[in-house]
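Look at the sequence and the model, then read on.

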Amino acid sequence: MRDFAAWLALPATLLGFIAFPEAAAADALQWPYNLPPTVKYHPEHEPLVKRQLEAKEKLASQRPIGMRKMSEDEGEMFFLHYWDFGDIVDW
């Protein structure tokens with residue numbers, strides 16, 4: 001009984017975090033706000049990064065049916081969102 005009384009002596013906010021840990025996780029910051037201070041964030045790159053993350057998630061669960069046609073330039077970068085999964089994408 002003394003242990004239960006000791007638990008009740010804790011502040012209400014701490015009891016809330018103990019009772020509902022998923023509520024604390026829901027308040028976790030999403031990208032890009034969770035980046036460490038050493039990483040530079042460029043807002044103009046956000047759509048590209050989001051497309052890359054979506055393509056990476058799709059590659060984990062689906063097989064691509066094709067890919068975007070590349071130019072003759074050997075130095076052209078291949079981005080993950082160049083894979084074609086058969087869904088219609090409006091860039």
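## A histidine and its partner

The side chains of H81 and Q52 make a polar contact of 3.1 Å. A polar contact is a pair of N or O atoms within 3.5 Å; within protein, one must be able to donate a hydrogen and the other to accept it, and residues adjacent in sequence count only if both atoms are side-chain atoms. H81 lies in the loop between β1 (66-67) and β2 (83-84). Its relative accessible area is 8%, so H81 is buried. Buried means under 20% relative accessible area, exposed means over 50%, and partly exposed is in between (1.4 Å probe, protein chains only).

This is a predicted model, so local features need pLDDT of at least 70 and side-chain atom pairs count only at pLDDT 80 or more, while totals for chains, interfaces and linings use all residues. Residues are numbered from 1 along each chain as its sequence is written, and side-chain values use heavy atoms, with hydrogens and water left out.

## The overall layout

The protein holds 4 helices and 2 strands. From the N terminus on, the order is α-α-α-α-β-β. Helices (H or I, at least four residues) and strands (E, at least two) are DSSP runs, numbered from the N terminus. Of the 91 residues, 7% count as buried.

G66 sits in strand β1. The C-alpha atoms of G66 and F85 are 7.0 Å apart, yet 19 residues separate the two along the chain.

## Aromatic rings

The structure holds 3 aromatic pairs. Two of them involve Y82: the rings of F78 and Y82 are edge-to-face, because their planes stand at 85 degrees, with centres 5.6 Å apart. The rings of F79 and Y82 are also edge-to-face, with centres 5.6 Å apart and planes at 85 degrees. Rings of Phe, Tyr and Trp (its six-membered ring) pair if their centres lie within 6.5 Å; planes under 30 degrees apart count as stacked, over 60 as edge-to-face and the rest as tilted.

One aromatic cluster is formed by F78, F79, Y82 and W83. Y82 has another neighbour. The charged end of R68 sits over the ring of Y82, 4.3 Å from its centre. A charge sits over a ring if NZ of Lys or CZ of Arg is within 6 Å of the ring centre and within 35 degrees of the ring normal.

## A salt bridge and a patch

How many salt bridges does a search of the whole structure find? It finds 1. The side chains of E46 and K50 meet in it (3.1 Å, N to O). A salt bridge is a side-chain nitrogen of Lys or Arg within 4 Å of a carboxyl oxygen of Asp or Glu. Both residues lie in helix α4 (residues 46-61), 4 residues apart, about one turn of the helix.

L10, L14, F17 and I18 make a nonpolar surface patch of about 330 Å². F17 belongs to helix α2 (residues 12-19).

## Accessibility compared

Some residues named above are listed here.

| Residue | Relative accessible area | Class |
|---|---|---|
| F17 | 49% | partly exposed |
| K50 | 41% | partly exposed |
| F78 | 34% | partly exposed |
| G66 | 24% | partly exposed |
| Y82 | 8% | buried |

Conventions: Patches are made of residues with over 30% relative accessible area and no salt bridge: like charges are joined within 9 Å, nonpolar side chains (Val, Leu, Ile, Met, Phe, Trp, Tyr) within 5 Å. Accessible areas come from the Shrake-Rupley method with a 1.4 Å probe; for residues, only the protein chains shown count as cover.
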